[in-house]
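We'll hop from stop to stop, and at each one you'll get something to select.

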Amino acid sequence: MTVGKDVSALFPDVVNCMQTDNLELKKLVYLYLMNYAKSQPDMAIMAVNTFVKDCEDPNPLIRALAVRTMGCIRVDKITEYLCEPLRKCLKDEDPYVRKTAAVCVAKLHDINAQLVEDQGFLDTLKDLISDSNPMVVANAVAALSEIAESHPSSNLLDLNPQSINKLLTALNECTEWGQIFILDCLANYTPKDDREAQSICERVTPRLSHANSAVVLSAVKVLMKFMEMLSKDLDYYGTLLKKLAPPLVTLLSAEPELQYVALRNINLIVQKRPEILKHEMKVFFVKYNDPIYVKLEKLDIMIRLASQANIAQVLAELKEYATEVDVDFVRKAVRAIGRCAIKVEQSAERCVSTLLDLIQTKVNYVVQEAIVVIKDIFRKYPNKYESVIATLCENLDSLDEPEARAAMIWIVGEYAERIDNADELLESFLEGFHDESTQVQLQLLTGIVKLFLKKPTETQELVQQVLSLATQDSDNPDLRDRGYIYWRLLSTDPVAAKEVVLAEKPLISEETDLIEPTLLDELICYIGTLASVYHKPPSAFVEGGRGVVHKSLPPRTASSESAESPETAPAGAPPGEQPDVIPAQGDLLGDLLNLDLGPPVSGPPLTTSSVQMGAVDLLGGGLDSLMGDEPEGIGGTNFVAPPTAAVPASLGAPISSGLSDLFDLTSGVGTLSGSYVAPKAVWLPAMKAKGLEISGTFTRQVGSISMDLQLTNKALQVMTDFAIQFNRNSFGLAPAAPLQVHAPLSPNQTVEISLPLSTVGSVMKMEPLNNLQVAVKNNIDVFYFSTLYPLHILFVEDGKMDRQMFLATWKDIPNENEAQFQIRDCPLNAEAASSKLQSSNIFTVAKRNVEGQDMLYQSLKLTNGIWVLAELRIQPGNPSCTLSLKCRAPEVSQHVYQAYETILKN
Amino acid sequence: MIGGLFIYNHKGEVLISRVYRDDIGRNAVDAFRVNVIHARQQVRSPVTNIARTSFFHVKRSNIWLAAVTKQNVNAAMVFEFLYKMCDVMAAYFGKISEENIKNNFVLIYELLDEILDFGYPQNSETGALKTFITQQGIKSQTKEEQSQITSQVTGQIGWRREGIKYRRNELFLDVLESVNLLMSPQGQVLSAHVSGRVVMKSYLSGMPECKFGMNDKIVIEKQGKGTADETSKSGKQSIAIDDCTFHQCVRLSKFDSERSISFIPPDGEFELMRYRTTKDIILPFRVIPLVREVGRTKLEVKVVIKSNFKPSLLAQKIEVRIPTPLNTSGVQVICMKGKAKYKASENAIVWKIKRMAGMKESQISAEIELLPTNDKKKWARPPISMNFEVPFAPSGLKVRYLKVFEPKLNYSDHDVIKWVQVPLPLPPHISVSSLLLCCLPFAPAPESRSGPSTLQVGLVE
């Protein structure tokens, strides 16, 4: 306005003009004061008199103008004089003055919070909520909400059914902006029961037809939040879901900036309640004239909504997008095709062929992006699409982005045995090793090690080269460490190395970039606001104390738990009385409970990207076997680790779950070994085996399984030349060392042998699953017997899932795979059960108390990588407990249950 | 809440700067200029976070409006406010241009002071604002006038002032629809939807209560329950509305419960409602594009339009816009009807036909000469679009009634002259027309591109 010139020198002259009757001039003088009072605080005092006078002017417009301007002058000395006029204006007869004064309280609070409290303005402001004029109510609500934000503890906005009713009445009458203030304020209220929630929802739904998108989004926020409290069986719940979709779709015909805000929010809503928009795929198709930010967001939502029903359409669209102009958009489209392949299995074939078509276009960034996603497709559907590798290899030279190079190297390493010139390909990458990014270097290291393990003869030189490059010539600690681990593995025990490096990979998740459930719930409370646009909690971008109040969805009152068990807490318990959900980690488990009974959700929230998972897994595996190696040294049979000696006592504090489990085992439940060991049973009676009696049991100690055998010679002749062999079995159990009976076994002599077992033998599904057929040979004959091994010997030490993973996996496994069992006569409390199970590598991921029952959420992993998730419900005083198991391979459930029973009862 | 509001010209010079909150420093103005206006790449988001300060911007011609905040504000509200701000400015001084802003900066500051208090949007209805913020200086107001102003600004009906008087009470209603259509090369409709707007111009005295009725399926079915007879008659006539939104003057709770649209209209022009339909859309025209590549530097385009309505009806002001590639050097056009011209500045052939009866056909053929180019920049392939006026609404929407009732002045419904621009069984002297815009895919529709996309391919290489 002043063209950047400082005109503060004119202050006295301007103040002299203040007492004019010309309203326009007065406004300009006031504007001048607002801008310069701060630089001339002493002179500003001169203006006070006029302000006070203007506050008593007969013209309400001038009164309001004066009180509005005074609040904007941030000079301490003036604020003192502001109090009296403000008090009068708050009770002014004219609503225009009152609504201005209401905002002025917020201004004053910003300057001097203490003063506002001392002068009792907050109470006056609260009274204004009952004002007859809707606009005064709206401004008072806005001011109070803001003040309350900086005092999270104070109960300023004392929302109760009466005041809510007033707000809802005002909602129908005030301006569009006022409606937004009121709706945003309503969203902070927690109704006392589902009935109240429903009645508020009913009165808020008409707002969904408002022309102002912000009103619509704020109404959606209130509904999404309160819906949480409604029981899903209610008719109203379904009606509400149906009512939400059309307004959300209509938002997409607003101006592009608003579309963007709407789409960011829809992204959250689709993750929280996919059922709302599942039939609306078409509206998210990109229009040719959409701005790029709208296009990218639409694409994101399309992937989330993709399902078997609409995949053909989606794929046709995506293919078209991949030929668009904008590079980012094209990349995202290509990546989306890959995501569809992984998400909808039926479409994988078409997706892969589409990707191959795109690779043929030879457009550099399209090819690179396609290769990155094809790598993921390989992970998801192993041994299905490897025929395309040849096509991929043709484009090796054009790859210049780290991610694409890393993906290509991964593919070459993983399928080294099928690519004739894999060594040449990898070698070509190796030339510029130091110029590569870390991602590529790590991948190259792993790739070459894989290649070496698959084709050891020709590639020894190559592997040595890469190991020395990684360990000696690199400054990157990650790379060096990984290099050392490989080196050590390879030099001590190539078999173990093979087992670690070429281990079967865990499944990759179907969904990417899903927002973590707690954060998602929080963001749902912030629909419409900046937080929902950034997909970050306010604390991430707001400075200071403002707006960092942690919001969460209201607990479901007529909750799903109560649907299960008849004796529930009365519907409508206030939130304080809700069963306490693990405070530290937020309400992940609360969610879990809601989730597992909820309708089938198309996409589970998950998790780390596949590359990361691979890396973690690799290191975890490596570390375990290294630990096992240590005491035994170079002996070669590294799997028979004497349990106690294995762990240096000095390593007291548990570091990671994997490590601490090792310590738990040794300091464990009194036995030397971790897992429960059944007493030896006779497997082969003497009469059946010409005098040789074999009894035995299975143990698991510090990561290794062994078969403890007791051989008794009941014959009259000496026995020698013992050997043992297993038939193929379900988990690939095989002797890791020959059966060593050092001296000949003379008559009536007994010898105890511990036979180390590995799980890398050949696999054949047995019936029952845990059946093991064994052949023992001695100088007399060959004897056959079969035995059942307890499944818990297969539970590995790193079977602890992290909570999120657990949650996601639980959701991901279909409900048909759930099996429920009763364990009777097991009078243990939760702690005891948990520690008992832990020593057998069943890990408690989380614990929760619901209506007096202890719920333990546990995970375990079998040696072949199958995860089993369990929910153990223990009722104090009741000797039987309930076990629910979820696993992708449901046939193991029965045996896991038996293992549970055995462990808990012994 | 909104911490400040800046208006920049295309160079990034600040035209208007109003700071409402202390947490917005002076450097915020420059931060936006440097990071957004002068940014090298295209703008990737309308919301930018720079050093924990969030900037919301919209652009009107070459003017940037930016709202700044450091808090977690309601983002949708900020954008709605910025649009509103543009509307208000346009209502006061017309087009938003650098010159107009410079000429009216006192007015703009005055407006900003009024409609945004401490960052909270206040009543921003132009009707109300114009009563006490004027461009001609303040008239001295009597006490009654003053209190009338304040009660209007804060009142329930903030969009209309009392005491409006017209000698002739008139009412104009326009139904504007735009049809979005996606067709396969075989001419099969893949998806179609109509987004419509009901725009009203009211010149009515006093505080009139209006009631608007259309052939909404839900309402008709509800009423039809009594007389089964009527349902069968009007059953086909009704349309299923997917969703609609209303101007703030419409009583939403009444719509929710009774599905009746009742309101006290603002004075002058406003958009009463927007709606969206997807079912049973009548397509007034069919457009059949044919594209043939003749070598690398020549394209032949033929477009046929067929009118698809009763021969007795007449479509008017038809305008077909056929986009041409960016490297077009010349175009020869032959058309049987109307006039066609290649407009190089718009990269399109514009074909205009004044009148066309139903069930007729017309075509245009064009030869497009292309410059040989190895420019890698792709052409975004915009669709063919078409504008025309027809005497019916493609969605099938009909106005059933529009009642006006003024309790105080007591002029009756019959005294109001109503001009409704969509056929309805009300007064006979109505000019009948409806503007609608039909977008047809030239290329970017799925499965619809075998013809058009050859056009594309020929150009890129």
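Start where chain B and chain A meet: across this interface there are 37 residue pairs in polar contact, both residues at pLDDT 80 or more. A polar contact is a pair of N or O atoms within 3.5 Å; within protein, one must be able to donate a hydrogen and the other to accept it, and residues adjacent in sequence count only if both atoms are side-chain atoms. Now select helix α2 of chain B, residues 75–93: with 8 residues, this helix gives the largest share of the side of chain B that touches chain A. (Helices, H or I with at least four residues, and strands, E with at least two, are DSSP runs numbered from the N terminus.) That side of chain B divides into 35 nonpolar, 26 polar and 23 charged residues. Here Ala, Val, Leu, Ile, Met, Phe, Trp, Tyr, Cys and Pro count as nonpolar, Asp, Glu, Lys and Arg as charged, and the others, Gly among them, as polar.

Before moving on, a word about what you're looking at. This is a predicted model, where local features need pLDDT of at least 70, side-chain atom pairs count only at pLDDT 80 or more, and totals for chains, interfaces and linings use all residues. Residues are numbered from 1 along each chain as its sequence is written, chains are lettered from A and ligands numbered from 1 in the order in which they are written, and side-chain values use heavy atoms, leaving out hydrogens and water.

Stay at the interface and show both partners. In total, 84 residues of chain B are in contact with 89 residues of chain A (contact means heavy atoms within 4.5 Å). The area buried between the two chains is about 7600 Å², with carbon and sulfur atoms giving 55% of it; buried area is the accessible area (1.4 Å probe) that two parts lose on being put together, summed over both.

Next, pick R68(A) and D113(B): their side chains meet in a salt bridge, 3.4 Å from N to O. A salt bridge is a side-chain nitrogen of Lys or Arg within 4 Å of a carboxyl oxygen of Asp or Glu. How many salt bridges are there between chain B and chain A? The count is 9.

K317(B) sits in strand β16 (residues 314–323) and E389(B) in strand β21 (residues 384–390), so the pair ties together parts of chain B that are 72 residues apart in sequence. Is each end buried or exposed? K317(B) is exposed, at 55% relative accessible area, whereas E389(B) is buried, at 16%. Buried means under 20% relative accessible area, exposed over 50%, and partly exposed in between (1.4 Å probe, protein chains only).

Last stop: bring chain A back and look inside. The largest nonpolar core has 272 residues, and those with the most contacts inside it are L277(A), F378(A) and F56(B). A nonpolar core is a set of buried Ala, Val, Leu, Ile, Met, Phe, Trp, Tyr and Cys residues joined through side-chain atoms within 4.5 Å. Zoom in on F378(A), which touches several residues, including Y385(A), I389(A), W410(A) and Y415(A).

Notes: Lists of a residue's contacts leave out its neighbours within four places in sequence.
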